[in-house]
Amino acid sequence: MDSELIGRRIKTLIRCRGIKRSYVAHKMGISYNTLTNKLNGKGEFSAIQIVKLREILELDDELSINIFFNPKFEIEKNLKIS
């Protein structure tokens, strides 16, 4: 799936949860710059990193599947974000 689309979805979740990117990067064991690059579509998240993101952002199975594998999923509508 499109890395840039996944990155936008993760950025939306980070903002929605009120978590700082530096915290997410630290918990994932990667640098802030690496996280930013992945969020901007300049790299893909590994399976281990996806598992860590699920824990950090408290994602259930359905939301995780939609974020990482459903190209038609509109996160803003599903999280009721304007």
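This is a predicted model: local features need pLDDT of at least 70, side-chain atom pairs count only at pLDDT 80 or more; totals for chains, interfaces and linings use all residues.

Student: Okay. Which residues does Ser 3 touch, leaving out those up to four places away in sequence?

Tutor: Ser 3 touches Lys 38, Gly 41, Gly 43 and Glu 44. Ser 3 itself sits in helix 1.

Student: Is Ser 3 buried or exposed?

Tutor: Buried. Its relative accessible area is 16%, and buried means under 20%.

Student: And Cys 16, where is that?

Tutor: Also in helix 1, which covers residues 3-17. Cys 16 is partly exposed, because its relative accessible area is 40% and that class runs between 20% and 50%.

Student: How far apart in space are Cys 16 and Asp 61?

Tutor: They are 18 Å apart, C-alpha to C-alpha. In sequence, 45 residues separate them.

Student: Let's move to helix 5. Which of its residues are buried?

Tutor: Helix 5 spans residues 61-69. Its buried residues are Leu 63, Ser 64, Asn 66, Ile 67 and Phe 68.

Student: What do those buried residues pack against?

Tutor: Three helices: helix 1, helix 4 (47-56) and helix 6 (75-78).

Student: What happens at the start of helix 5?

Tutor: A side-chain oxygen of Asp 60 comes to within 3.3 Å of the backbone nitrogen of Glu 62.

Student: Back to Phe 68. Why does it count as buried?

Tutor: Because its relative accessibility is 5%, and the cut-off for buried is under 20%.

Student: What does Phe 68 touch, again not counting residues up to four places away?

Tutor: Met 1, Ile 6, Arg 9, Ile 10, Ile 50 and Leu 53.

Student: How many residues are in the largest nonpolar core, and which touch the most other members?

Tutor: It has 20 residues. Those touching the most other members are Ile 10, Met 28, Leu 35, Phe 45, Leu 53, Leu 57 and Ile 67.

Student: Which elements give two or more residues to this core?

Tutor: Helix 1, helix 2 (21-28), helix 3 (32-39), helix 4 and helix 5. Helix 1 gives the most, with four residues.

Student: New topic: packing. At what angle do helix 1 and helix 5 pack?

Tutor: About 140 degrees, with their axes 8 Å apart. Helix 1 and helix 5 are therefore oblique to each other, since only angles over 145 count as roughly antiparallel.

Student: Which residues meet there?

Tutor: From helix 1, Ile 6, Arg 9, Ile 10, Leu 13 and Arg 17. From helix 5, Leu 63, Asn 66, Ile 67 and Phe 68.

Student: How about helix 2 and helix 4, what's their angle?

Tutor: About 130 degrees, and the axes are 10 Å apart. Helix 2 and helix 4 are therefore oblique too. Their crossing is right-handed.

Student: Which residues make the contact?

Tutor: Helix 2 uses Tyr 23, Val 24, Lys 27 and Met 28. Helix 4 uses Gln 49, Lys 52, Leu 53 and Ile 56.

Conventions:
Residues are numbered from 1 along each chain as its sequence is written. Side-chain values use heavy atoms; hydrogens and water are left out. Buried means under 20% relative accessible area, exposed over 50%, partly exposed in between (1.4 Å probe, protein chains only). Contact means heavy atoms within 4.5 Å. A polar contact is a pair of N or O atoms within 3.5 Å; within protein, one must be able to donate a hydrogen and the other to accept it, and residues adjacent in sequence count only if both atoms are side-chain atoms. A nonpolar core is a set of buried Ala, Val, Leu, Ile, Met, Phe, Trp, Tyr and Cys residues joined through side-chain atoms within 4.5 Å. Axes are lines fitted to C-alpha atoms, for helices over the stretch in contact, and angles run from 0 to 180 degrees between N-to-C directions. Angles under 35 degrees count as roughly parallel, over 145 as roughly antiparallel, 65 to 115 as roughly perpendicular and the rest as oblique. A crossing is left-handed if the near helix is turned anticlockwise from the far one by less than a right angle, and right-handed if clockwise.
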